[in-house]
Amino acid sequence: MASETLSIRTSDDVVRVRQAVRSVAVKIGLTLVDQTKVITAASEIARNTLEYGGGGSVVVETVTNGARAGLRLVFEDRGPGIPDVERALVDGYTTGNGLGLGLSGARRLCNEFDIWSQPGAGTRVTLTKWKG
Amino acid sequence: MDRIPILKFGELLLVTIQVDMHDRLVMALQEDLTERIVSNRARGVLIDISALEIVDSFIGRMLGNIAGMARMLDAQTVVVGMQPAVAITLVELGLSLTGVRTALNVERGMRLLRPAAAEQ
Amino acid sequence: MNAPVRSRLPEILRGRESAILSEWVRLQIETDGRRRVSPDSIRQQSRELLAAICDAVRHDTSGVITTPEWAAARGVVDRLTHSTLSEGASASEVAMFVFSLKQPIFAELRREYAGDAQLLADETWFANTAVDRLGLYATEVYQKARNEIIMRQQAEMLELSTPVVQLWQGILALPLIGTLDSARTQVVMENLLAALVRENAEIAIIDITGVPTVDTLVAQHLLKTVAAARLMGAECIISGIRPQIAQTIIHLGVDLANVITKATLADAFSVALRRAGATITRAGAQPHAVTA
């Protein structure tokens, strides 16, 4: 189970996160479409971490559930947190600049999605993509 | 800092995006294009994304912005060469790219823009 | 089941190997009704397996065939099973081949232990167990190999059953036949989108005349395909929607407002041609059949 931590402090870091996720996705043998989905999801959440979380970090790790290999991303920030997570998820993508951007999309792109957020404390988003 | 090159092709401007863009590059491209549409009196903008393996909502917004700004300056925009995996992902993401015309490749994109360029 | 304390099966097998082999081969040829395998092949296969078993028993008298000492014997069974499988043998045939070894071995044991009923019983039981396990192992190998072949064939059929056809320059057709499940529809979707790029086609007709039922997942996949194609700069027309399917789609609440649908592939083709800027005129009065 390999794992790598990247800090997300600048927009260049968002690019670096994409590259790191691609590298692991290729290594565990995800299909091209699945690679694209998980890298795009990572890009969305990384950007959220940067723009709304005030910066943070992501842990990129390979996981297994016995039968299959997978990729897990844990994004964390100590930002203002999301007051109404449910609503942020339901609102989905809008062409505005709302916080719901990317969250529901990222959820649809991955197999497993988990979000913890506490106003004043921060936010943690966990994405998992399984192979096959 | 590197900037994405913009080529002039008659009354069209041609942009080929081949790198994983960071934010500064995106902003620079939007500025450069707007400026060039005016200075070249361009009637059409062709953006080739056939080398882009990832289009997230940020890039999607960029494309929408470019199309919107071009329209205000009386130019049409066509985005060409979207990869199938990218298209599938954008649908799942819920990004519809409204206001952005698309074509399969540069040749078809040019055909779409030709009437606009032909108008005097 | 362990061999008796002083099991002499290893020595017996080693000393009487060729006699056992001749007897085993003779029995097989005698009882072989189908004559699928030549006597030479029978001799060759039997010699291989018996040699491997003799060797295994020499090093391991536990009778448990999953140990490393039995690896060579298992390997022989693997190879033989795979080759007979490809020749069309059944699982029983393969197992019977292994089981038939018992008779000549028991005959030798009876000869050896004529005076000692207890020892004969013990040794016979040991030999019986080992051969049984090997025979069962053969059937497992057979099943596994069969499953792999079936899966490979299914994958090939999936490839074949979703062909993308070019109806006209720039117009593709995807006639879907049979039931669509989520996995298959995804493959179909990806193939179609790739074909649009490859064939430089702006219009794709997805014909579902041959699809008996459509559920929510499949309907959603179809819609996603249409949306993805549109993002790429191509249009999809869905044709062959039968009344039942139309009803199902309405009841499922799936919104087809943004999708062009036609009842028949012919209608769809007609629309596609018009969009592609082509017209068809009848030959006879006009010499040109098609202008584009």
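Residues are numbered from 1 along each chain as its sequence is written, while chains are lettered from A and ligands numbered from 1 in the order in which they are written. As the model is predicted, local features need pLDDT of at least 70 and side-chain atom pairs count only at pLDDT 80 or more, whereas totals for chains, interfaces and linings use all residues. The model has an ipTM of 0.93 and a pTM of 0.72.

Chain A contains 4 helices and 5 strands; helices (H or I, at least four residues) and strands (E, at least two) are DSSP runs, numbered from the N terminus. The order along the sequence is β-α-α-β-β-α-α-β-β. The radius of gyration of chain A is 14 Å, in agreement with the value near 14 Å for a compact globule of 132 residues; this radius is taken over C-alpha atoms, and the globule rule is 2.2 Å times the number of residues to the power 0.38. Along the principal axes, the C-alpha atoms of chain A fill a box of roughly 35 × 25 × 25 Å. Buried residues make up 40% of the 132 in chain A, a residue being buried if 20 or more other C-beta atoms lie within 10 Å of its own, exposed if 12 or fewer, and partly exposed in between, with C-beta atoms placed from the backbone. Of the contacts in chain A with a separation of 6 or more, 61% are between residues 24 or more positions apart; two residues are in contact if their C-beta atoms, placed from the backbone, lie within 7 Å.

Strand 1 (residues 3-8) of chain A runs antiparallel to strand 2 (residues 56-64) of chain A, and 6 bridges join them; two strands pair if DSSP finds at least two bridges between them. Glu4(A) has Val60(A) in strand 2 as its bridge partner. Strand 2 of chain A also pairs with strand 3 (residues 69-77) of chain A, in the antiparallel sense and over 9 bridges. There, Thr62(A) is bridged to Leu71(A) of strand 3. The hairpin of strands 2 and 3 of chain A has 4 residues between the strands, and Gly66(A) in this hairpin takes a positive phi near 95°.

Between chains A and B, 20 residues of chain A are in contact with 17 residues of chain B. On the side of chain B that touches chain A, helix 1 (23-39), helix 2 (57-72) and helix 3 (84-93) of chain B each supply at least two residues. Helix 3 of chain B gives the most, with 6 residues. By class, this side of chain B has 7 nonpolar, 4 polar and 6 charged residues; Ala, Val, Leu, Ile, Met, Phe, Trp, Tyr, Cys and Pro count as nonpolar, Asp, Glu, Lys and Arg as charged, and the others, Gly among them, as polar.

Chain C comprises 11 helices and 7 strands. Its radius of gyration is 33 Å, well over the 19 Å that the globule rule gives for 292 residues, so chain C is more spread out than a compact globule. The C-alpha trace of chain C spans about 105 × 45 × 30 Å along its principal axes. Chain C is divided into domain 1 (9-156) and domain 2 (165-291), with bounds from an automatic or database domain assignment. The centres of these two domains of chain C, taken over C-alpha atoms, are separated by 57 Å.
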